Amino acid sequence: MPGNEWEKIRHLLVVQDLQGQRTIPLQETTYSIGRDSRNAIVLRSRSVSRQHAILLRVTLPETDQYGFRIIDGNFKGKSSTNGLYVNGMKCVSHNLQHGDVIAFGNNQVQAKYYVISHISEKAFSESCDVENISDFLLEQANTANPFQTLIVDPNFEAASETALARLASFPELIPNPIIEMDLGGTITYLNPAASVKFPKIREIGNKHPVLTGLLNAVEDKKINSFWREIKVDQEVFEQCIHYLPESDLIRTFIVRDITEQKQAEAELRQRDRLLQAVAEAANYLLVEMNYETGIDKALAVLGEAAQSDRAYLFKNHRHLDTGEMALSLQFEWTRANFTSARSHWQNQLYQSSELARWYANLSCGQSISGTIQEFPIAEQKLLARDGIQSLLLVPLRLEDEFWGCIGLADCTHERIWSRHEESTLLTMAASISGAWQRQQVEEKIRYQALHDMLTGLPNRVLFNELLAKAIANATRNRESLAVMFLDLDRFKVINDTLGHTLGDRLLQIVAERLKQSLREGDTVARWGGDEFTILLPRINYLDEVAQVAQRILQALENIFCFDGHELYISASIGISLFDEHSNDVETLIQHADAALYYAKDEGRNNYQFYTTTLSSKTPELLNLEKSLRYAVEREELTVYYQPRVNIMTGKITGMEALVRWQNPDMGLVAPNVFIPLAEESGLIIPIGEWVLRTACMQNKAWQQAGLPPLTVAVNLSPKQFRQATLVEDVAQILAETGLEPHFLELEITESTAIADLEFTRTVLQKLEQMGVHLSIDDFGTGHSSLSRLQLLPLHNLKIDRSFIQELTTDVRVAHIVKAIVTLGRNLGLRLTAEGVEKQEELDFLKSINCEDVQGYFFYKPLPVEKATEVLQNRYASELEMKN
C-alpha cells in the first residue's frame, strides 16, 4: 500500500454483548473496557469485571501510524476475574491484528477488531450503524482499488521488553509529544502525540527544531536533565530533555505550548517600550523650549520603540493655489538607510482620489490602519513611492478641530498593527496636540508681549531689542542710525470728543501711514498712547533722516476719512542720532524725547534734531513728566480723602479729595513734585477732571450705601479754573454721577481768585447758581483782603496751614487767625482751619469759634477703603448714642 494511504487507515471494534451488537470507531488514545458505566466501552454482562481491560493506542515503528494493544485488568495493574482471550488464547496483553476476536471471560461478550483503509469518511460513519460489518465493507470496496486490511507484524517494537517498560509509564496515553533519539541522531521512538504534532519529524530527523542542537547541548550541559525553549514554525514550546547514559538515549518531552505566553510577553514588552516612549516623548514635548526640536525627539523615540521604519507628522492647511484643504509632511523620522519622503508629501489635496478616504476617516476621529494591500489602488500607488508596506495613522485633534495626523510606517514587511500601538499613537497625538497648543499660546503671548495689540506694531520692548541690535551693527560697520519720537498733536481732543473707539481707529490708520512712509528696513513701533518711535538704521547722510521725517508729516497732513468722519491731525517729531552723545538705547530714546518737546514748543507739526543744549530739563524730570502722561490711563492715580471735622460736635462734616500718584517704579510720588509738573505740562486739566469725576462718584456711592450725606471738596488748579468749558464740565459730571450739586464743594486758591477778579466772579456765580458750594483754599497766602473776596459768591474760607503751625508760638499769628475768623463769620462764611496737629491748636481755634478743622490731629488723608470705614464707624457710633 502506498505510504500516503496510511492516513486513511480506520480502526473499528465491533462489540457483541447481552444488549446486542454495536460498532465503535477507535479514535482516542486509550479506552477502559468493563461492566462499570464509567468505562469508555461498557459491556453488559455479569461475567465481565468492573474494569476488565485497557485498550491502548501504540505507534508503529518507522511510521507515523499506529495500532492498538489490549491489556488485561485496570490501570492499577489488577487483572480481570475471568480473564482476557484473543482468538481463543488467554493473554495478559496483545497487539491487535485485523480480524482478531476478543472474549471477555466467556463467550457471552465478544468483540472483533478491524483495521481498514480506502474507505470514504461517509462510508466509515455508516459502518457504525450496520449489523454485518464484514459484508458492508465488501460492498464498499472499489474494484479498481479493492478493500485492504492492515497487516501488522506481531513482532513489532511494542512487543519488546523495552516497549512494555515504556507502556508502564503510559507515554502512549499522554497528550504531550515524547521523542527519543540515540546519540547517532536516529529517532528511536515517537509517541502518538509527537507523531500528530510533528508529522515530518522522522523525515527531517535531528535537523528538526525539536531535535536541533540536542547532541551538543547534552555534551555542553554536563548534566542529564535540563530545560529549553524551542520554536517550531510560529509556535514556541517548553521542552524537557533527559539524557539516559546507560542506554545512550536522549529522551525529550514537550512540556507545554507556550506560544500564547510568548506572544503575551512580547506584547507586554512592546507595550512597556511604547509606554516608556510615550513618557519620554511627553517629557521632550514638555521641557524642550523649541517646539520643533521637541517634536523631532518625540517622533524618534516613538519610531524606535514601535520598531517602525518611518514616523510622520502631517499638518493640515489650505492649498496655496486652490484654497482647498491639503496636508503636508511637517516632521519626519526615518530609520537609517531610509531616505526622506518630505518632498513626496507637500500640498497633497485631501479631495484627491488618493487621500479622500483618509480625510473622511481622520476628520471623524477614526484611524487608518493596515497593510497597503488592503488599501484602495490609488492609495497603494501613493504609498509605494516610499516603499511602505504597512501604515498606521491617527488624527491630531484640538478642541474638536482636526489639524493633522501622526503615523508609523513599516517598509520591510507587512505588519498588523496591535491595539497597543494604536492606543500609544493616540496618546502621543494628544501630547503633540497639547504641545502644539502650548506653542500657539506661547507664540501668541510672545507676540502680545512684543507687539501693540491695537495697531500690530512692535511695542517698546521689541523696539528696544531691535534698537540694541541696530546699535551693535552700526558700531561694527561704522555706520550711523537715527531714532524718531513722534507724538500726535491734539489727539486727546479727538479721543475725548469723538470717543475711544474712533480714536483707536485713527491710531490704526496712522500706523499704516507711518509704515508706508518709511524706507525698507526701517521700523516703527507704538510707544504708548499717541506716541510712536521709529528706527532708521544705516544712515549715511542727515538729509536721509530729514526726508523720512518730512514724508511722515506730509502723510499725516492728508485728511482721515472713516466712519462718516473727516479728521485732520498733525504730529511733532524729535530725532536723535547715534553719536558720542547718544550711544546707547536709553540715551537715544531720551534725547529723541527731549527733541520732541522742543518740536512741540516750536508750534507742533514739525521735526527737530536733538542737540546737547536743546533741553534744560534734567533726564529725571523728563522721565517723570513722561510717566505722568500715562498715569491716568494706567490707573496709577488714586484719590485719598481727608475728613473735615466740626470742632464743637466732633462730627465729620465733609471730605476733601486729594490726588495721589502711585508709580510702579518710583513708588508714591509727592504731590508737591508732580502737581507743579502737571500744571506746567497741561496734564493738570485731564488729571483734575478725573479727580472731580472720581470724587463725585464716590460721594454718591457713600450716599447710596446709606451713610449720612456730606460735601466733598475738590481743588481746581489755575489752568483748570480758566478752562472755558469748566461750568459745562462740572454740570456734565454731576449729571453723569447723579450727585446733587450742594454736595460738591469746589476750592480755588486765593491767588487764583484775585488773578482776574471779574472772571472769577463770573465763573463762581454760574457755579453758585447750579447749587455748588465754593471755597477759598489756603487763605492768607495771596496778599488779598477779605474786603476784595466779599465780592465773590463764597461759602467757605480755609485758613492756610502755615498760620496754624505758628499759632501757638507767635502771638501775632494768633491775632491774625482770630481776625480772619471774626471777619469771615461777619461775612457769613464758614471757617475751616487746615493742618491742625496739636491739642493746643485745637483749643485755641475752639476758643475763637472756628467751626471746622482738618489735619493729622484727627485724620490723615485716607484711601477710599479706610475713609469708608471711618464714615461707617462714625455713623454706627451716632446711631448707638441716639439709642
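Predicted model: local features only at pLDDT ≥ 70, side-chain atom pairs only at ≥ 80, totals over all residues.

Student: How many helices and strands does the protein have?

Tutor: Helices (H or I, at least four residues) and strands (E, at least two) are DSSP runs, numbered from the N terminus. Here there are 28 helices and 39 strands.

Student: What share of the residues is buried?

Tutor: A residue is called buried under 20% relative accessible area, exposed over 50%, and partly exposed in between (1.4 Å probe, protein chains only). Of the 883 residues in the protein, 48% are buried. Accessible areas come from the Shrake-Rupley method with a 1.4 Å probe, and for residues only the protein chains shown count as cover. The accessible surface of the protein is about 43,700 Å², and 49% of that belongs to carbon and sulfur atoms.

Student: How do I read a sheet?

Tutor: Strands of a sheet pair through backbone hydrogen bonds, either parallel or antiparallel. Two strands count as paired if DSSP finds at least two bridges between them. Take the open sheet of five strands ordered E4-E3-E5-E6-E9, whose pairing is mixed. Strands E4 (41-42) and E9 (93-95) are at the edges with a single partner strand each, so one side of each has no neighbour in the sheet.

Student: Which senses of pairing does E3 show with E5 and with E4?

Tutor: E3 pairs with strand E5 (residues 53-59) in the antiparallel sense over four bridges, and Tyr31 has Leu55 of E5 as its bridge partner. With E4, the pairing of E3 is parallel, over two bridges; there, Ile33 stands opposite Ile41. Four of the five residues of E3 (residues 30-34) are buried, so the strand is largely enclosed by the rest of the structure.

Student: What does a hairpin look like here?

Tutor: Look at E31 and E32, which form a hairpin with five residues between them; in the turn, Gly650 has a positive phi of about 80 degrees. Strands E31 and E32 (residues 652-663) are antiparallel, paired over nine bridges, with Met655 of E32 as the bridge partner of Pro643. E31 (residues 637-646) is mostly covered, with eight of its ten residues buried. E31 is also joined by two bridges to strand E39 (residues 852-853), again antiparallel, and Asn646 stands opposite Asp852 there.

Student: How are H7 and H11 oriented, roughly parallel or roughly antiparallel?

Tutor: Axes are lines fitted to C-alpha atoms, for helices over the stretch in contact, and angles run from 0 to 180 degrees between N-to-C directions. Angles under 35 degrees count as roughly parallel, over 145 as roughly antiparallel, 65 to 115 as roughly perpendicular and the rest as oblique. Helix H7 (residues 259-287) and helix H11 (residues 419-450) pack at about 5 degrees, with their axes 10 Å apart. The two helices are therefore roughly parallel to each other. Contact means heavy atoms within 4.5 Å, and the residues making it include Leu274 and Val278 of H7 and Met428 and Ile432 of H11.

Student: Which residues does Asp487 touch?

Tutor: Asp487 is in strand E24, and at 5% relative accessibility it counts as buried. Not counting residues up to four places away in sequence, Asp487 touches Asp530, Glu531, Ser570, Ala571, Ser572, Leu596 and Lys600.

Student: And where does His208 lie?

Tutor: His208 is in the loop between helix H5 (201-204) and helix H6 (214-221). His208 is buried, with a relative accessible area of 5%. Leaving out residues up to four places away in sequence, His208 touches Phe198, Ile201 and Val232.

Methods: Residues numbered from 1 in each chain as written. Heavy atoms only, no water.
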